[in-house]
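Take a moment with the sequence and the model. Then follow the paragraphs below, one part at a time.

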Amino acid sequence: MVQVAIMGFGTVGSGAYDILIENAEGISQNCGQPINVKRILDLRQFPGHPAEALVTANFEDILNDSEITIVAEAMGGTSPVYEFTKALLMAGKSVVTSNKEMVATYGTELIELAKKHGCKYLFEASVCAAIPIIHPLTQCLAANTITEIKGILNGTTNYILTNMQKNGESFDAVLKSAQAKGYAERDPASDVEGHDTCRKIAILAWLAFGEHGKNVSWTDIPTTGITQITLADLQKADEDGCVIKLIGHAKLENNKVTCKVEPMRIPKDSPLANIDGVYNAVLVTGNFTGDVMFYGQGAGKLATGSSIVGDIMRIVRK
């Protein structure tokens, strides 16, 4: 039996827990042994929850437990997560995460630290939630030279633009609707100003472009969000046979990587033009495959939890 811990029992962490419990039999068969959640780190208490007795507010309870070999990090932010993650990896415990800010800022360092200590640092859930993109990009498409990545990487902004375009609703009205439905945070700045997309395209760029992409930093990527997009802009695009989408774009040309995030006019015959609502899509161009598109739910409790559990299972099977 493999013992795991979950750090952060909010939307994503509880989603991963639910999947591990509800799909326990199938997961056990797939991995050849059961996976058990032994500890949950959270400052809150969860009275009446089936996992109530597993919750601790003390990180040391996880770090010093020799039985726990894999930790799922769903706390968000970089502090104290960075320090916690380093300590876990140095103790030989593998870490899987959905934390795009951590991966975009410290990912290359943490991958190397994991290698040094004989464990894994995996982060499929950090980009596009349920959509498998990182493993296919680094494994299935590895025979290719990836030359371009273009994608709708944020479900909140895509939901807003879709409803503005199709229903003629104002930005403010759709944002309120997105917040009411749980698609947007109370403070939506990271989404609507493009920072979330920026971090995700940075991760994909340094994974896809090898040596050329290793120095890509999300803080250096020119980024424009959707707050200035008006109904008039969308109407003009429609008249010109286009839609407007917030696009994360990375390109390798002449051994140089360029990245940007901005609202772009997408021709209606493009595969990205019909990606609506909270869905995400990533278009990857390889020198042998041509264009390959990955599509699915880019956010949500169970969608993101699914990718976290998938990474845990990948570690167990190896």
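Over how many bridges do strand β8 and β9 pair? They pair over 12 bridges, in the antiparallel sense. Two strands count as paired if DSSP finds at least two bridges between them. Strands themselves are DSSP runs of E with at least two residues, while helices are runs of H or I with at least four, and both are numbered from the N terminus. Strand β8 covers residues 242-253. Within this part, L246 stands opposite P263 in β9.

Before going on, note that this is a predicted model: local features need pLDDT of at least 70, side-chain atom pairs count only at pLDDT 80 or more, and totals for chains, interfaces and linings use all residues. Residues are numbered from 1 along each chain as its sequence is written, and side-chain values use heavy atoms, with hydrogens and water left out.

Now widen the view to the sheet. It is open and has 5 strands, in the order β9-β8-β7-β10-β11, with antiparallel pairing. At the edges stand β9 (256-267) and β11 (290-297). Each has a single partner strand, so one side of each is left without a neighbour in the sheet. On average, neighbouring strands here are turned by 20° against each other, direction ignored. Helix α7 (residues 155-167) lies across β7 (146-152), β8 and β10 (279-286). Helix α7 runs at about 145° to β8. For such angles, axes are lines fitted to C-alpha atoms, for helices over the stretch in contact, and the angles run from 0 to 180 degrees between N-to-C directions.

Next, find helix α4, residues 81-90. Its buried residues are V81, Y82, F84, T85, L88 and L89. Seen down the axis of α4, these residues fall within an arc of 165°, so they line one face of the helix. The arc is that of the directions from the helix axis to the C-beta atoms. Buried means under 20% relative accessible area, exposed means over 50%, and partly exposed lies in between (1.4 Å probe, protein chains only). Just after α4, G92 takes a positive phi of about 85°.

Turn to charges. Side chains of opposite charge can pair when their charged atoms come close. A salt bridge here is a side-chain nitrogen of Lys or Arg within 4 Å of a carboxyl oxygen of Asp or Glu. By this rule the model has 16 salt bridges. One of them joins K38 and E67, at 2.6 Å from N to O. K38 lies in strand β2 (residues 35-41) and E67 in the loop between α3 (60-63) and β4 (68-73), so the pair ties together parts that are 29 residues apart in sequence. Both are partly exposed: K38 at 26% and E67 at 46%.

Helix α10 (residues 195-208) holds D196. D196 forms a salt bridge with K200, with the closest N and O atoms 2.8 Å apart. The two lie 4 residues apart, about one turn of the helix. D196 is buried at 6% relative accessibility, and K200 is buried at 5%. The side chain of D196 also makes a polar contact of 2.8 Å with that of N154. A polar contact is a pair of N or O atoms within 3.5 Å; within protein, one must be able to donate a hydrogen and the other to accept it, and residues adjacent in sequence count only if both atoms are side-chain atoms.

D311 is buried, with a relative accessible area of 2%.

Terms used
Contact = heavy atoms within 4.5 Å.
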